[in-house]
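This report describes one protein structure in plain terms. Please look at the sequence and the model before reading on.

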Amino acid sequence: MQTHTEEYPVWKWYGVKVLYKNLIGGNPNAEKIDENYEDHQIFEESILLIKAKSFDQAYEIAEIKAKENEDSYINVYDQVVNFQFVDSLHAFLLCEDEELENGIEVYSRFLHISKEESFANVLSRYYPEVIEEEKDQIRKSFILRNKDFN
């Protein structure tokens, strides 16, 4: 005998972590290069809030939404930036309630680290943005807060 929930799967809230990459094409305009210019790869992790009936469906919906977020634009150095979805990385069941409560955990992950590794090494390896020198922090704050970069 099937129960009500087997006949009608319950919609649940998931957090799905997706990964994007900024593919930068062309050479920068030499006249516009300043102290904020960096020649490196940029990836973005994003956690999407998805309502679905299963983990599989949450991944499917997240990938569709992530692809809808893809974009192209010209950066401040006159280079073409293609913001592209790369992959969905993780999914996390948030709650089965219809409404989300204030303070609900959106995502978590466990880091399995050797007991010998220092806390400073953990920070530099997994969260380098929190230990940069002041000059680097100023540059990163500029990039994060500059509307042209967001």
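## A residue in a loop

H40 is partly exposed, with a relative accessible area of 37%. Here buried means under 20% relative accessible area, exposed means over 50%, and partly exposed lies in between (1.4 Å probe, protein chains only). H40 sits in the loop between β1 (12-25) and β2. Helices (H or I, at least four residues) and strands (E, at least two) are DSSP runs, numbered from the N terminus. Between H40 and L23 there are 10.0 Å in space, C-alpha to C-alpha, and the two are 17 residues apart in sequence.

## How the model is read

This is a predicted model, in which local features need pLDDT of at least 70 and side-chain atom pairs count only at pLDDT 80 or more, while totals for chains, interfaces and linings use all residues. Residues are numbered from 1 along each chain as its sequence is written, and side-chain values use heavy atoms, with hydrogens and water left out.

## The sheet

Four strands form an open sheet, and their order is β2-β1-β4-β3 with antiparallel pairing. The edge strands, each pairing on one side only, are β2 (42-52) and β3 (71-74). From one strand to the next, the twist averages 30 degrees. Axes are lines fitted to C-alpha atoms, for helices over the stretch in contact, and angles run from 0 to 180 degrees between N-to-C directions.

Two strands pair if DSSP finds at least two bridges between them. For β3 and strand β4 (residues 80-95), the antiparallel pairing runs over four bridges. Within this pairing, D71 stands opposite F83 in β4.

## Salt bridges

Side chains of opposite charge can pair when their charged atoms come close. A salt bridge is counted when a side-chain nitrogen of Lys or Arg is within 4 Å of a carboxyl oxygen of Asp or Glu. How many salt bridges does a search of the whole structure find? The search finds four. One of them joins the side chains of D78 and K32 (3.1 Å, N to O). D78 lies in the loop between β3 and β4 and K32 in the loop between β1 and β2, so this pair ties together parts that are 46 residues apart in sequence. D78 is partly exposed at a relative accessible area of 37%, and K32 is partly exposed at 38% relative accessibility.

Another salt bridge links the side chains of K65 and E68 (4.0 Å, N to O). These residues are three apart in helix α2 (residues 55-68), so about one helical turn separates K65 from E68. K65 is partly exposed, with a relative accessible area of 40%, whereas E68 counts as exposed at 55%. The side chains of E117 and R125 also meet in a salt bridge (3.7 Å, N to O). E117 counts as partly exposed at 25% relative accessibility, and R125 counts as exposed at 53%.

## Aromatic pairs

A pair of aromatic rings is described by the distance of the centres and the angle of the planes. Rings of Phe, Tyr and Trp (its six-membered ring) pair if their centres lie within 6.5 Å; planes under 30 degrees apart count as stacked, over 60 as edge-to-face and the rest as tilted. The structure holds four such pairs. Among them is the edge-to-face pair of Y14 and F55, with 4.9 Å from centre to centre and 65 degrees between the planes. Y14 lies in strand β1 and F55 in helix α2, so the pair ties together parts that are 41 residues apart in sequence. Y14 is buried, at 2% relative accessibility, while F55 is partly exposed, at 39%.

Y20 and F83 form a stacked pair, 4.4 Å centre to centre with 20 degrees between the planes. Because Y20 lies in strand β1 and F83 in strand β4, this pair ties together parts that are 63 residues apart in sequence. Both Y20 and F83 are buried. One aromatic cluster is formed by Y20, F83 and F85.

## A lysine in strand β1

The side chain of K17 makes a polar contact with the side chain of E45 (3.3 Å). A polar contact is a pair of N or O atoms within 3.5 Å; within protein, one must be able to donate a hydrogen and the other to accept it, and residues adjacent in sequence count only if both atoms are side-chain atoms.

Leaving aside residues up to four places away in sequence, K17 touches E45, S46, I47, S88, L89, H90, Y107 and R109. Contact here means heavy atoms within 4.5 Å.
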